[in-house]
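Subject: Structure for your review

Dear colleague,

Please find below the structure that I would like to hand over to you. My notes on it follow directly after it.

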Amino acid sequence: MRAKTWTPAIVVAGLLGTGFSGVEVAGQAPASRAERLRRETDNVALQNVAPFKVFDNLYYVGVGYVGSRLVTTNQGLILIDTLEGAYTEHPLESIRKLGFDPRNIKYVILTHYHLDHTAGAARIQELPGVRLAMGDADWDALTQAPNPKAERLPRRDIAVKDGDTITLGSTTITLHVLGGHTPATLGVDFTVYDAGKPYRAFMFGGAAPGPGREAAEQFLASVKRIEQMQDGVQVRIVTHPWMDPEFWDRVDRLATRKPGDPHPFVAPDVFRAWIAELDEAAAARLR
Ligand SMILES: [Zn+2]
């Protein structure tokens, strides 16, 4: 997601970041780690955060400003989003660090065509037997999009239609086409497990409308659709950590969690409040 200025998360981050210059300025509080991870996208040492387990079957293998997720199954691995530029090896290295083998990746789900999510897929497509899945119209958009850094792009593969599923072993992921951020942004709907207990997780692949009225209308319709199907959703998965102001706090809480403590990413109210905010903001854009 790029260059959107109106979502509540961005507004909050923008206020926190007032005066930010990448260095500590006398008289101003130093930027928080979360804020630096959001803004210093070229700071490779900062961005290369260690991978971590979030649920029994879900791991974070992204960098500080944009996510990549590994879903493990009894028949191989599924990767969601693939990073870009200096970070295209990062998910593969992270998968190895976690003790898995990237050659077991069977599917890559690309939430939408923007290069911060898709550019790394060209590298992963070299691995034998990997299938890439993205919304049908986003495959077309990918080939027409500006590519200022001349990233190598993945070749068109599975063109997802609304309601399609990806099944690997006993795991099934449902893909909803929820356009507006891009023509065929995906919602990724699946089950995560915490010590064996299942939770419904939902990743809305593009949580801000693209430019223009038509995109805003499409986005609002997608948000309304999520409202219709969100009843059982307990876990929000964000494409960018900065979309959740508490993301890195949750990660810290997860790391120091004691037996019996609640899982910091199980927060049904947070999901619903977020969708309500998106609804309000999208409606306001159309007024
Ligand atoms: Zn995007």
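D157 is partly exposed, with a relative accessible area of 23%. In this predicted model, D157 forms a salt bridge with R131, and the closest N and O atoms of the two are 2.7 Å apart. R131 lies in strand β6 and D157 in the loop between α7 and β7, so this pair ties together parts that are 26 residues apart in sequence. Like D157, R131 counts as partly exposed, at 38% relative accessibility.

This is one of 19 salt bridges that the structure holds. Others share partners: E89, R123, E126 and R152 are joined into one network in this way.

Next, please consider helix α4, which spans residues 90-97. Which of its residues are buried? They are H90, P91, L92, S94 and I95. The elements that cover these buried residues include two strands, β3 (69-73) and β4 (76-80), together with β5 (105-109) and α6 (121-124). Just after α4, G99 takes a positive phi of about 95 degrees.

Two further residues deserve attention for their backbone angles. Most residues other than glycine have a negative phi. L83, however, has a phi near 70 degrees, a positive value in a residue other than glycine. L83 is found in the loop between β4 and α4, and its relative accessible area of 0% makes it buried. A195 also has a positive phi, near 50 degrees. Where does A195 lie? A195 is in the loop between β10 (186-194) and β11 (197-204). Is A195 buried or exposed? With a relative accessible area of 74%, A195 is exposed.

Finally, I turn to a pair of helices. Two packed helices are described by the angle between their axes and the distance between the axes. For helix α8 (residues 213-229) and helix α10 (residues 268-286), the angle is about 150 degrees and the axes are 9 Å apart. An angle over 145 degrees counts as roughly antiparallel, so α8 is roughly antiparallel to α10. The crossing of these two helices is left-handed. On the α8 side, the residues that make the contact include F219, L220, V223 and I226; on the α10 side, they include F271, I275, L278 and A282. Charged residues take part as well, among them R213 and E217 of α8 and D279 and R285 of α10. By class, the contact of α8 with α10 has twelve nonpolar, no polar and six charged residues.

Yours sincerely,
A colleague

Terms used: Residues numbered from 1 in each chain as written. Predicted model: local features only at pLDDT ≥ 70, side-chain atom pairs only at ≥ 80, totals over all residues. Heavy atoms only, no water. Buried < 20%, exposed > 50% of the residue type's maximum accessible area, 1.4 Å probe, protein only. Helix = DSSP H or I, 4+ residues; strand = E, 2+ residues; numbered from the N terminus. Contact = heavy atoms within 4.5 Å. Salt bridge = Lys/Arg side-chain N within 4 Å of Asp/Glu carboxyl O. Axes fitted to C-alpha atoms, helices over the stretch in contact; angles between N-to-C directions. Parallel < 35°, antiparallel > 145°, perpendicular 65-115°, else oblique. Left-handed = near helix turned anticlockwise from the far one by under 90°.
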